[in-house]
Amino acid sequence: MNDTDSGQAGRGAARRRSDLAVISAWWRGLGGDGFVVLPPPGRGRYTQSDGHTDAAELIGARGLGGPVSFAYWHWQSHGRAFDRAGALTGGLLLHWGGDHAVVAAGLGAGPAGFRVVDGGPQGAFQLDRITRRDDDGLPDPADPDGVRQFLAALDEPVRRGPGHVRHRPLSPAEAAWLRERLDAAQDLADATRFAVAPERRDGLTSAQALRLLRAWREEYDGRLAHWTGWREVLHALLRHGREEAWETVAALGPGAAGVVADVPSERGLAVVRAYALAGAPGTAFAWLKLHRAVHEPDAVRAVRALAAELDAHDAPEAALRGLAAALTGAVAADRRAETGASGLADRSYAGLLAVRFATDERLPRALRVLVAQTARDHVELVHEAAHRAGAAPLPGTDGAPPTATAFVTDPAEALAAIARYEAARDGLLSGTGPDLTAPEGVLGRVWHRYRTLTEGDVRWLRERIADPDTDLQGLGFCLELLYAHGLAGPAEVEALLPRRMKDLTKKYRTTYTEWRHPLVTLTCLALDLGHPAAEKLLSWWDGPRPVWKNELRLLTHLGAPDESKAAALWEFVTSRAHDVGQLTTWVLVRARLDGVHPLFVADRLLGTPGVHEHKLRQVLVGVADAGQPLWHYAVDGRSRGWWQRAQEVAEHPGLSPAARAIGVRTAREHCLVRYPDQLNPPPTEAERAAALEWVRRHDDG
């Protein structure tokens, strides 16, 4: 056996008291010099951001000085790990902050019957039960925790990349164990657990797939995609050539494109092509993969043909964006499959590809423009790699076999590609912008590019606001930029009212972005302009419905501010109510009324009783640029914008030592300093070295 009997004894004790009680008792005994643990969570600590806020408050309340590391779990982890009786039904993620080694030592091995697994300096710790395995590494089928852990281990890929996940083969004993469990399963939920691992290795038989399909259709009628095992069963049906597979694909719709692409056929290509031409998200990768497998292996020629089809069918821009991403992804994946390149090297090669494809005349201009946007983020990395390599091939490109899409990868050729890109860059990128439908975090990380706006930027932003197809997220992004820079005017109000009022009054949460709900920003603009629409907008805000707007109403006080608006905001700020931008709004309002930079307002507020100190520190950094404040109430450590603002606060000669120290602390905790591989795009060596030198210099000071 692999584990000791003492683990089983501890497990029995845990179940007599409940797992949660045992873990909580152990947890309360942790802590020591430079290390604290937060109490078990309530619903108010829902995310990691909430955990770091709670930690800052606890450390401040205890008056702890010097470096302090901490650990906690939040409500989402709690809900996934424990059932209502307090039994552990999954691993409990333990998040942390500070020094990883201090946290690891402070947590130790875990309570009796459990073990703490260290996820490394860039991951969470996990607390789980100690279980037994036999000599073949198999759990007792009657042990639910052992079975859960065994299946989780089988699900862990040995290699992962865009569009490519590989799992280790099953041993004969493991395959037999899974087959026996699947055949004995009494219902679909039980069968799912034992069907996924075999099919990820092409192991389900046709009969097994059909049996699972019947149960799936019966239990999930009208909501097929809600079953967690649908991808594996559909894959098995396609792999065995079952006609039932195509009925299932039709029922699932575009979401099935990725599975269809894994089993190439003319029929599958026709289905996915229709999805892609309609602009269905995520289908371009599958379309290109199928087209290459069925018709044209060369990625560039294939993409050129697909781009022509998109143009002929007047497909939405999202479809071409997907195809541009699919091109570099596909060529990089080819190289990864042929050479076994690491993920980091693959990313380096993808950056080189973007630089090259941006000026590849074989591709249509519209597609080259989109690739050029990606190249902008990676050109410095390619440039640095070329200079560092000397006469050797660039890292991640050595040994690449000569294919129709492979590029010469010696440094001189890479530098020539950069020169071509830089010569064409302005012509390609002028008047363009990011994908406004991208995740908020992705858009937030390009926010710093817009601290100054070119004429092309302004034109693009105004066009997007006037476009009736721009959704609430896109409107929020674009309108906030124009308003913050003082460039929004009556034209923007007229573009949105009354034509968009039905859309604008829909709920759109922006707590984790740098921009506000577009109706907040529009109301501020109308008030500043004295526009006739302001009265109608205020009347809507004052109405009883919908109730979601109540928490945002005070944010409109930034428009045409006065002392009564400032007082209402201050009353809210000191009430300790849930803040979604009110403190930032008060700081900006006070700055406008007093005619000073908002940094000085935030600085004066430090130490004021009743003001949320942790949020105030974030607001201080967020208002470093009065012309473009950051509305995010949790510092985004992956955003270069927050890094820049932190530096500016730290170096501002007019701020108090306490304020400047907040800037230094924020910068020191940024991913550029602590976890550079989490930045996208990744930093160059020069950028990273400059950041470390800056922190060292300010720590010494």
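Residues are numbered from 1 along each chain as its sequence is written. The model is predicted, with local features requiring pLDDT of at least 70 and side-chain atom pairs pLDDT 80 or more, while totals for chains, interfaces and linings use all residues, and side-chain values rest on heavy atoms, without hydrogens or water.

Side chains of opposite charge can pair when their charged atoms come close. A salt bridge here is a side-chain nitrogen of Lys or Arg within 4 Å of a carboxyl oxygen of Asp or Glu. By this rule the model has 42 salt bridges. One of them joins arginine 129 to aspartate 19, with 2.8 Å between the closest N and O atoms. Arginine 129 belongs to strand 5 (residues 125-129) and aspartate 19 to helix 2 (residues 19-28), so the pair ties together parts that are 110 residues apart in sequence. Helices (H or I, at least four residues) and strands (E, at least two) are DSSP runs, numbered from the N terminus. Arginine 129 counts as buried because its relative accessibility is 1%. Aspartate 19 is also buried, at 1%. Buried means under 20% relative accessible area, exposed over 50%, and partly exposed in between (1.4 Å probe, protein chains only).

A second salt bridge pairs glutamate 648 with arginine 451, the closest N and O atoms being 2.9 Å apart. Glutamate 648 sits in helix 31 (residues 640-650), and arginine 451 in the loop between helix 20 (440-444) and helix 21 (455-466), so this pair ties together parts 197 residues apart in sequence. Glutamate 648 is partly exposed, at 31%.

Glutamate 563 is partly exposed, at 47%, whereas arginine 590 is buried, at 15%. Elsewhere, salt bridges with shared partners join Asp19, Asp128, Arg129, Asp145 and Arg148 into one network.

Two packed helices are described by the angle between their axes and the distance between the axes. Axes are lines fitted to C-alpha atoms, for helices over the stretch in contact, and angles run from 0 to 180 degrees between N-to-C directions. Helix 27 and helix 28 pack at about 150°, with axes 9 Å apart. They are therefore roughly antiparallel. Angles under 35 degrees count as roughly parallel, over 145 as roughly antiparallel, 65 to 115 as roughly perpendicular and the rest as oblique. Residues making the contact include Glu563 and Trp570 of helix 27 and Trp586 and Arg590 of helix 28. Contact means heavy atoms within 4.5 Å.

The axes of helix 25 (residues 518-529) and helix 26 (residues 533-542) come within 9 Å and cross at roughly 140°. Helix 25 is thus oblique to helix 26. Among the residues that meet are Leu519 and Thr523 in helix 25, and Leu537 and Trp541 in helix 26.

Glutamate 480 lies in helix 22 (residues 472-484). Glutamate 480 counts as buried because its relative accessibility is 3%. Beyond its neighbours within four places in sequence, glutamate 480 contacts Trp447, Leu475, Glu514, Trp515, Arg516, Thr521 and Trp631.
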